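Let's take a tour of a protein model, from its inside to its charged pairs and its rings. Keep the sequence and the 3D view open while you read.

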Amino acid sequence: ECGGFYGSKVWHSADKYRTHIWQCNRKYKDRTFCETPHLREDTLKRVFVMAFNKILGDKSRYIRRFEELLPSLADTAEFEQKRGILASEQHEAETELRRCIAENALTIQNQEEYNQHYNELEYRLITILNEMHSLDAQIAESDARKVRICRFLDELKSSGDILEVFDENLWNATVDFITVHSEKEMTVTFRDGTEIPVELPKKK
């Protein structure tokens with residue numbers, strides 16, 4: 001509701017009713033009551049099992065689809081090409097900046113004009129470096145996404161046809177995060193980007 005993250009807490013830590021629950025970390029922040037429900041840990045485990053079994057129900061087609069998509073999802077050729085062009089522009093900008101400084105040291109110049117020219121060259125260089133940094137981040141994210149998808153597919157291939165009980169190792173290997181819409185409606189986002197909505201049955 002408020003966009004905050006859930007955190008783990010222990011209720012009745014000193015008696016037989018001890019239980020782990022998860023609730024919004026902003027629930028009581030700044031006197032603003034977040035109405036997002038608290039969730040028992042076993043509910044979250046149940047949601048994961050349901051979501052994972054939805055994928056397992058169509059496991060072969062799912063694996064085949066992502067294996068076909070993987071080359072395009074992890075393709076960094078365009079980013080690498082742009083970075084190469086920027087690297088050449090960086091070299092030119094640095095050369096021009098050094099030349100500007102050297103000329104000012106050897107000849108008498110209008111310092112106001114020099115400072116303006118220097119600032120323009122420096123701004124151009126900083127802009128190029130920022131663009132390169134952005135491309136490096138995109139390349140790194142693309143590589144990381146490929147690793148996440150490959151690991152997820154490996155876990156999926158080694159899993160059976162149905163997940164009977166919660167598996168903590170499988171959770172750690174495959175889940176990115178869960179979005180809580182209500183006490184009964186959540187979306188599990190897996191590390192490959194797949195989003196699986198889960199609706200818990202209402203209690204009779």
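What follows goes through the cores, the aromatic rings, the salt bridges and the cysteines.

## Before we start

This is a predicted model, so a few ground rules apply: local features need pLDDT of at least 70, side-chain atom pairs count only at pLDDT 80 or more, and totals for chains, interfaces and linings use all residues. Residues are numbered from 1 along each chain as its sequence is written, and side-chain values use heavy atoms, with hydrogens and water left out.

## Two nonpolar cores

Let's begin on the inside. A nonpolar core here is a set of buried Ala, Val, Leu, Ile, Met, Phe, Trp, Tyr and Cys residues joined through side-chain atoms within 4.5 Å. "Buried" means under 20% relative accessible area, "exposed" means over 50%, and "partly exposed" is in between (1.4 Å probe, protein chains only).

The largest core has 27 residues, and Phe48, Phe52, Leu156 and Phe190 touch the most other members. Which elements each supply at least two of its residues? They are α1 (41-56), α2 (59-73), α4 (111-158), β4 (175-180), β5 (185-190) and β6 (195-199). Those labels come from DSSP runs, numbered from the N terminus: helices are H or I with at least four residues, strands are E with at least two. Helix α1 gives the most to this core, with eight residues. There is also a second, separate core of twelve residues, and among them are Ala93, Leu97, Tyr114 and Leu121.

Now zoom in on phenylalanine 48. Leaving aside neighbours within four places in sequence, Phe48 is in contact (heavy atoms within 4.5 Å) with Leu163, Phe166, Asp167, Leu170, Trp171, Thr174, Val175 and Phe190.

## Rings that pair up

Rings of Phe, Tyr and Trp (its six-membered ring) pair if their centres lie within 6.5 Å; planes under 30 degrees apart count as stacked, over 60 as edge-to-face and the rest as tilted. By this rule there are seven aromatic pairs. One of them is the tilted pair of phenylalanine 52 and phenylalanine 190, at 6.2 Å centre to centre with 55° between the planes. Phe52 lies in helix α1 and Phe190 in strand β5, so this pair ties together parts that are 138 residues apart in sequence.

Another tilted pair joins tyrosine 114 and tyrosine 118, with 6.0 Å centre to centre and 40° between the planes. These two tyrosines are four residues apart in helix α4, so about one helical turn separates them. Tyrosine 114 is buried, with a relative accessible area of 11%, while tyrosine 118 is partly exposed at 23%.

## Charged partners

Next come the salt bridges, where a side-chain nitrogen of Lys or Arg is within 4 Å of a carboxyl oxygen of Asp or Glu. How many does a search of the whole structure find? The search turns up six. In one of them, aspartate 58 meets arginine 61 at 2.6 Å, N to O. Aspartate 58 is partly exposed at 33% relative accessibility, and arginine 61 is partly exposed at 46%.

Glutamate 67 bridges to lysine 157, with the closest N and O atoms 2.8 Å apart. This pair links distant parts of the chain: glutamate 67 is in helix α2 and lysine 157 in helix α4, 90 residues apart. Arginine 124 and glutamate 92 form a salt bridge as well, at 3.9 Å, N to O. Because arginine 124 lies in helix α4 and glutamate 92 in helix α3 (residues 77-106), the pair ties together parts that are 32 residues apart in sequence.

## Cysteines and a buried lysine

A disulfide is a covalent bond between the sulfur atoms of two cysteines. The cut-off used here is a pair of cysteine sulfur atoms within 2.5 Å, and a search of the whole structure finds zero disulfides. Cysteine 24 is buried at 3% relative accessibility, whereas cysteine 150 is partly exposed at 27%.

Last stop: lysine 27, in the loop between β2 (19-24) and β3 (39-40). Lysine 27 counts as buried, at 8% relative accessibility. Lysine 27 and phenylalanine 5 are 22 residues apart in sequence and 9.9 Å apart in space, C-alpha to C-alpha.
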